[in-house]
Every structure is written in C-alpha cells, then in structure tokens.
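Here is a short tour of one protein model, written for someone who likes to have the coordinates open while reading.

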Amino acid sequence: MTALRFDPPTLPPEAAALREEVRRFLAEERAKGTWSPRGDFGTHTDVAFSRLLGARGWIGMTWPRQYGGHERSGLERYVVTEELLVSGAPVTAHWIADRQSGPLILRVGTEAQKQRFLPRIARGEIFFSIGMSEPDSGSDLVSIRTRGTKVEGGWRVTGRKVWTSNAHVSDYAITLVRTGPPDPDRHSGLSQFILDLKAPGVSIRPIRNLSGQHDFNEVVLDDVFLADDMLVGQPGDGWKQVTSELAFERSGPERFLSTYRLLAALVEQGGGDPDDRVAEQIGRFVAHLWALRGMSLSIAGMLQAGETPNLEAACVKDLGNAFERAIPEVARLVAPMTLPVAGANDDFAAIQAESVLNAPSITLRGGTREILRGIIARGLGLR
C-alpha cells in the first residue's frame with residue numbers, strides 16, 4: 001500500500017515580504033479601479049490585468065531567467081497565487097499557461113519551443129487552454145478519439161475537444177491526440193501538441209453555463225495541420241506527460257478557494273456575535289480550509305523538489321471541491337437566519353448567487369470525483 005504523504009512545509013523567509021508586496025499592489029490597483037473583486041477564479045478574464053502581473057514578475061515565477069522567468073521558489077509562487085485568489089482578482093487569462101502549460105514546455109519541450117512560448121507567457125502576452133476531454137470520453141482520457149496522422153513535415157489532426165475552458169480567448173491549447181496504432185495498452189500511442197487555436201480547420205463553439213456565461217467551449221479540429229515543431233515531448237509520451245501535468249492542476253489553492261469570497265462574506269454577514277448555527281458552520285469551514293491549505297502547501301513543496309505527487313494531488317482536488325461546493329449550500333441555508341449588521345458585506349446576495357450557479361462545475365473541471373476516487377483507491381491498494 002502506498003502511504004499518503006503530506007509533510008508540513010516551511011515557507012521561505014522572503015515569502016512574508018512577498019505576500020505584503022502582493023497585497024499592496026492589489027489594494028493600489030483596486031483603488032485605481034483597475035479591477036473589482038470577483039468570485040470563482042476560472043470565470044473572469046482580464047488581459048490587461050494579466051499583463052500587469054507579468055510586468056511585476058508574477059507569471060512564470062519559478063522559470064529560468066533565460067526563458068522570461070524569475071527563478072523564485074515554488075512556495076513563493078504559492079504565496080502569490082493564494083493572495084490573488086482570496087482577493088478575487090481576474091486571473092483567468094494567464095492561469096493555465098502559468099500553472100501547467102508553461103511548466104510542461106519547460107520540462108519536455110524543445111529549446112525552440114521554450115524560446116518561442118515561455119517569455120511571452122511570462123509577460124502575459126499569450127494564453128493557453130487545455131485540449132483533453134472529449135464528448136465521448138470525459139475524464140477517461142485514454143478513450144479519446146482525436147487522431148493524428150503523420151504526413152510530411154507534421155501531422156494531420158481530426159477530432160473534437162469539449163469543456164475547453166476559455167479556448168475562445170486563448171491563443172494556444174496543449175492538445176492530447178492519439179498518434180499511435182490501436183494497442184491493448186490504451187495508455188500508449190498518445191501524444192501532446194501545441195495547437196494554434198486560430199489555425200485553419202479549428203472551430204470554437206461556445207458552451208454556456210447556467211448563468212449564461214461563456215467559459216466552456218467545444219473545439220472541433222477538421223484535418224488541422226500541426227507541424228513537427230508543435231509536438232511536445234516525444235511521440236507516444238502523451239499519457240506520461242498528462243499524468244505529471246495533472247499534479248499541478250489538481251493540487252493548488254484554486255481547488256479549495258473558488259468560493260472563498262462567499263465564506264468571507266458570510267463571516268462579515270454574521271458580524272461580531274453571529275447566530276450559534278452560523279458560528280458553528282463558519283468554525284467548521286475555517287478548520288477544513290486550514291487543513292486543505294496545509295495539504296496543498298505540502299504538495300507545492302514536493303513539486304518544487306521535483307516529485308510527482310499525483311495521489312496526494314487527487315486527494316486535495318476531491319476534498320477541496322467538496323469543501324467549495326459545501327460553502328454555497330450551507331450559506332444558502334444559514335444566511336437567512338442572520339440579519340446584516342453595520343459594515344457587513346452588502347454584496348453578499350450577488351456573491352452567493354454567483355457561487356450557487358458556478359458550484360456544479362467545480363467537481364467536473366480537472367477530473368470528476370469518480371475518477372479521482374478511483375485514482376486514490378488504486379494508489380492505496382484498494383482496487
């Protein structure tokens with residue numbers, strides 16, 4: 001049986017100073033009217049704000065300077081991420097490129113790919129999405145049907161990707177394609193490509209959510225030509241690359257802070273002497289939040305050390321998503337018992353409504369609960 005590891009990390013001394021710097025920056029820019037607080041990190045795009053963060057050196061923080069990075073530690077990046085999320089800053093545009101597409105290119109990309117893409121990501125000039133899920137596959141990535149056929153100078157790719165977050169405002173998508181022949185081992189024969197989302201043959205169709213917002217998309221690839229220099233890593237290494245990439249996607253604070261602003265608003269709404277039931281729920285949520293933060297920070301430390309904590313990341317994602325969904329459910333039930341007090345958050349109803357509408361997507365993105373629990377069970381030797 002594989003033991004779960006959540007070693008308590010120690011934040012470097014410079015992290016505290018960096019946290020204060022980020023807080024000052026956010027307060028100053030908010031006072032200027034540059035941005036206003038939003039809820040779910042994945043639903044608000046602001047290209048200009050992403051470029052401001054790039055100018056501050058807060059995108060690609062851990063990457064080598066030769067590729068536009070700043071050679072900061074993974075735990076320093078964690079501090080910046082945390083502050084951006086709890087403030088409700090609009091980080092959607094650069095999020096995926098900074099979190100996983102850039103690190104993937106840095107790890108297995110060619111020198112030409114690193115020079116071409118990473119500095120522009122770090123400056124907030126280009127943005128990426130993820131082309132993994134498909135209409136008939138969902139979280140079962142090994143069953144994908146998008147196929148690439150080798151031709152002179154590259155590949156011809158045909159297929160469909162679905163739930164592709166922010167493809168309509170992104171420049172590229174790291175796309176998983178089956179390039180090998182059928183094999184009993186379905187994990188073989190998969191490759192990853194950098195797909196230009198404006199290339200001939202690429203169509204992007206909106207999938208609107210319950211609130212009418214356009215975040216998700218279906219991406220159709222109709223005989224799209226991808227040059228050899230857009231292949232990431234080696235042909236057939238796609239599955240190995242995807243699984244290592246998912247540790248970045250599933251373990252960060254965005255997996256338990258999507259509805260944080262509603263929790264903060266509930267605390268304000270309750271005031272200094274909240275109803276007993278409200279106080280109990282707030283205490284329970286804060287305890288869960290602190291435990292999840294410790295687990296997530298531990299994984300950040302492991303990733304910084306070059307480890308691949310996929311099992312631990314799946315735990316954080318599953319537990320964090322349950323926490324995120326519980327906040328709007330409980331707030332909806334207990335908030336009517338609490339009368340607003342002087343100085344309380346007068347945007348509570350709007351924050352609550354946004355959280356309720358976005359909650360159904362929380363357990364889908366980054367892997368469904370059923371898939372995650374299968375990964376955890378297998379890692380613990382239970383199946």
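Phenylalanine 25 is buried, with a relative accessible area of 3%; buried means under 20% relative accessible area, exposed means over 50%, and partly exposed is in between, with a 1.4 Å probe and protein chains only. This is a predicted model, in which local features need pLDDT of at least 70 and side-chain atom pairs count only at pLDDT 80 or more, while totals for chains, interfaces and linings use all residues. Residues are numbered from 1 along each chain as its sequence is written, and side-chain values use heavy atoms, with hydrogens and water left out.

**Aromatic pairs**

A search of the whole structure turns up 9 aromatic pairs. Rings of Phe, Tyr and Trp (for Trp, the six-membered ring) pair if their centres lie within 6.5 Å; planes under 30 degrees apart count as stacked, over 60 as edge-to-face and the rest as tilted. Two of the pairs involve phenylalanine 25:

| Pair | Centre to centre | Between the planes | Type |
|---|---|---|---|
| Phe25 and Phe49 | 6.2 Å | 40° | tilted |
| Phe25 and Trp58 | 5.3 Å | 80° | edge-to-face |

Phenylalanine 25 sits in helix H1 (residues 14-32) and phenylalanine 49 in helix H2 (residues 47-56), so their pair ties together parts that are 24 residues apart in sequence. Helices here are DSSP runs (H or I) of at least four residues, strands are runs (E) of at least two, and both are numbered from the N terminus. Tryptophan 58 belongs to the loop between H2 and H3, so its pair with phenylalanine 25 ties together parts that are 33 residues apart in sequence. Phenylalanine 49 is buried, and tryptophan 58, at 4% relative accessibility, counts as buried. Phe25, Trp35, Phe49 and Trp58 form one aromatic cluster.

**A cavity and a pocket**

Tryptophan 58 also takes part in the lining of the largest cavity, along with Met61, Arg77, Val80, Thr81, Leu84, His94, Trp95 and Asp98. On a 1 Å grid over the protein atoms alone, a cavity is a set of points where a 1.4 Å probe fits but cannot get out, whereas a pocket is an open set with protein on both sides within 12 Å along at least five of seven lines; lining residues have an atom within 4 Å of a point. Grid points are joined across faces, edges and corners, and a volume is the space filled by probe spheres set on the points. The whole structure holds 1 cavity of 30 Å³ or more, and the largest cavity contains about 50 Å³ of space. H3 gives the largest share of its lining, 4 residues. By class, this lining divides into 5 nonpolar, 2 polar and 2 charged residues; Ala, Val, Leu, Ile, Met, Phe, Trp, Tyr, Cys and Pro count as nonpolar, Asp, Glu, Lys and Arg as charged, and the others, Gly among them, as polar.

The second largest pocket has a volume of about 610 Å³. Of the 28 residues that line this pocket, Thr62, Pro103, Phe248, Leu303 and Gln304 are the closest to its centre. Helix H3 (74-87), helix H4 (92-108), helix H6 (238-251) and H8 each give two or more residues to the lining of this pocket. The lining has 9 nonpolar, 12 polar and 7 charged residues.

**Nonpolar cores**

The largest nonpolar core has 55 residues, and Phe128 and Ile194 have the most contacts inside it. Such a core is a set of buried Ala, Val, Leu, Ile, Met, Phe, Trp, Tyr and Cys residues joined through side-chain atoms within 4.5 Å. Helix H8 (residues 276-304) contributes the largest share of this core, 7 residues. Another core, of 15 residues, lies apart from it and includes Trp155, Ala167, Leu195 and Val224.

**Loops worth a look**

Valine 142 lies in the loop between S1 and S2 and, at 5% relative accessibility, counts as buried. Not counting residues up to four places away in sequence, valine 142 touches Arg178, Arg186, His187, Leu190 and Trp239, where contact means heavy atoms within 4.5 Å. Aspartate 140 is found in the loop between strand S1 (128-131) and strand S2 (147-151), and is partly exposed, with a relative accessible area of 30%.

Most residues other than glycine have a negative phi. Asparagine 166, however, has a positive phi near 60°, and glutamate 71 has one of about 55°.
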